[in-house]
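Q: Can you walk me through this one? I'd like to start with how the chains meet.

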Number of protein chains: 2
Amino acid sequence: MIKIAVDGMGSDNSPRSEVEGAVQASRDYGVHVILVGKEAVLSPLLKGQSRGSAVELRHASEAIAMDEQPTAALRKKKDSSIRVAADLVRQGVASGLVSAGNTGAVMAISKMVMGTVRGVDRPALAAVLPTLEGHAVLLDVGANVACKPHHLVQFAIMGHLFSKKIVGVSSPRVGLMSVGEEESKGNDLTKEVYKALKEIRINFIGNVEGRDIYNGRADVIVCDGFTGNVALKTSEGLIEAVLQLLKEELNSNLKAKLGALLSQRSFQRLKKRLDYSEYGGAPLLGLRGVSIICHGRSSSNAIKNAIRVAKECAENQVSAKLEVELSQVDCYARGSAPD
Amino acid sequence: MIKIAVDGMGSDNSPRSEVEGAVQASRDYGVHVILVGKEAVLSPLLKGQSRGSAVELRHASEAIAMDEQPTAALRKKKDSSIRVAADLVRQGVASGLVSAGNTGAVMAISKMVMGTVRGVDRPALAAVLPTLEGHAVLLDVGANVACKPHHLVQFAIMGHLFSKKIVGVSSPRVGLMSVGEEESKGNDLTKEVYKALKEIRINFIGNVEGRDIYNGRADVIVCDGFTGNVALKTSEGLIEAVLQLLKEELNSNLKAKLGALLSQRSFQRLKKRLDYSEYGGAPLLGLRGVSIICHGRSSSNAIKNAIRVAKECAENQVSAKLEVELSQVDCYARGSAPD
């Protein structure tokens, strides 16, 4: 049974989201979860509901707060729940880490403890987003706010492999985020990257625009972490605003209310299709190990789905495959696309 | 009566959107519209519907296609509809220009023909977006893909004045788009800009994130044109996707369909609140003249609203006020916020 280490102290709703998500994931996906955190906090909650699940506790005496400086947390808190969970992955006890804690700290600790795959200068955070046709992988969404062209080339290869192995797209269409479709459109960074992506053997479809994230034109969209973070958070904010406006309009009079009542299940399905928590957190790609970063506001459902994604990444040996492909990145230029 | 020059040949639906939008704006807002383009194309359409409106034709023998290189169009097509309309503004015949044509060409021609306000290095394209509380101005959304810190400082001042004079916010809250709220978050550009914005006397609220575009936290959001363009187009694409998903869900069974029928007016209001065409195009700020750039897919309603915005910018002398403020930009550092 695959073991996944879950940071029990991370989310805004911790430890409830983590405990419930761990129990549900264990039951639904047959995962053995090692829940890491303060035993005195986690144990009482877990006791009430763990029947039929394989969830064990692992004590860690410290927790990293949301507003702590990642580098300071890395240095000072050697027994933080994130650190202990990452250590379990490095030691081979667990096959992956899931945390909804301080994103910067999870990234820094994952990178330091697990190390990066040969050929990867910087791990990238990948978001899996719903589109009209299926799912698109957007990366980087915040691990690297300043990037050089070769970083984006590595992101493209990582996105290609993740889309293929985890999302299940046979020949992922990889687009480069820019401000127009023509090769001449964009900034200095994207123009350099465009040239490089033409030379490697992935299914590069050229520049895409913001609107192409959701229309299904691309399976993978590559950008620097600043741009990707803005695009992701703009989307989250807009969805919240639209659902709020919809609610207001449907509550504005009796006829509309009645209509909304009849259409209730449609709205629930819509919300589910738009809900990030269904998509299971963002994997930090390029590590020698699996690390899935969840939203601070994660529900138990989000944690559960993140554990599923961690399991899939581990089973599909995404890191090992990335290592093979990226350690010989020239193969992309020589002509054979990676499997 | 204020005269606005409208490029009759620009949009994907030209000349229908332009002719109808011009006639409606003239009737509704008491504007005199000079419709510029090929007379043989515009005249027949206008004849049928211009009664009761003040719309005159001005012949221009050339049109610039959507995919033409702006610089080439600027050089070669001296009698294009965009060029002739911009000339009318420079000559003082018209008080503003509205075009839904090739964005790059409208920007290049506007800049060359009208010139920039003293103190502005580069005009910025500002989008007015709906929020839960009112409207937010996002700039730049695509005029400048690469920016230096002082450009963003100028954008902040331009956005401040536009929000105050046109959107009608008494003390606009100006935010800097970044990847986290803390001053330490962001890339090299935003960190520099953060320092500079603290020193000038606008109501600078610090860094904001993508999600703050729509939640009403800021009245003005400043970013480089690459980031703004991605955020804007991501939003457009997401709204299209959400409305499409909503339609699918509401058509999925009879009960939902009936509910949707009862809630129909709510959906129409929601669509209207999300519809960019209600917000009247994006002003190119920092010119010695008014230039409003519309979406290529503009409807007649979008053109009509853009003409309204052009009229308001002209009446409020936004350019002249910018000139005053920016020609003495030090006043921001010295302590008196601009009126």
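A: First, a term. A polar contact is a pair of N or O atoms within 3.5 Å; within protein, one must be able to donate a hydrogen and the other to accept it. This is a predicted model.

Q: OK, how many residue pairs are in polar contact between chain B and chain A?
A: Eight, counting pairs with both residues at pLDDT 80 or more.

Q: Which elements of chain B touch chain A with two or more residues?
A: They are α8, α9 (254-262) and α10 (264-274) of chain B. α8(B) gives the largest share, 21 residues.

Q: And how many salt bridges between the two chains?
A: Four. One of them joins Glu236(B) to Arg211(A), with the closest N and O atoms 2.9 Å apart.

Q: How much area do chain B and chain A bury between them?
A: About 4800 Å², with 69% of it on carbon and sulfur atoms. On the chain B side, Arg211(B), Phe226(B) and Glu249(B) lose the most area to chain A. Together they make up 14% of what that side buries.

Q: Switching topic. Which residues of α7(A) are buried?
A: Leu189(A), Thr190(A), Val193(A), Tyr194(A) and Leu197(A). Seen down the helix axis, the buried residues of α7(A) fall within an arc of 130°, so they line one face.

Q: What's on the face of α7(A) turned away from its buried side?
A: The exposed residues Asp188(A) and Glu199(A).

Q: And what covers the buried residues of α7(A)?
A: The cover includes α6 (149-167), β7 (173-177) and β8 (203-208) of chain A. α8 (225-250) of chain B is also part of it.

Key:
Residues are numbered from 1 along each chain as its sequence is written. Chains are lettered from A and ligands numbered from 1 in the order in which they are written. This is a predicted model: local features need pLDDT of at least 70, side-chain atom pairs count only at pLDDT 80 or more; totals for chains, interfaces and linings use all residues. Side-chain values use heavy atoms; hydrogens and water are left out. Buried means under 20% relative accessible area, exposed over 50%, partly exposed in between (1.4 Å probe, protein chains only). Helices (H or I, at least four residues) and strands (E, at least two) are DSSP runs, numbered from the N terminus. The arc is that of the directions from the helix axis to the C-beta atoms. Contact means heavy atoms within 4.5 Å. Buried area is the accessible area (1.4 Å probe) that two parts lose on being put together, summed over both. A salt bridge is a side-chain nitrogen of Lys or Arg within 4 Å of a carboxyl oxygen of Asp or Glu. A polar contact is a pair of N or O atoms within 3.5 Å; within protein, one must be able to donate a hydrogen and the other to accept it, and residues adjacent in sequence count only if both atoms are side-chain atoms.
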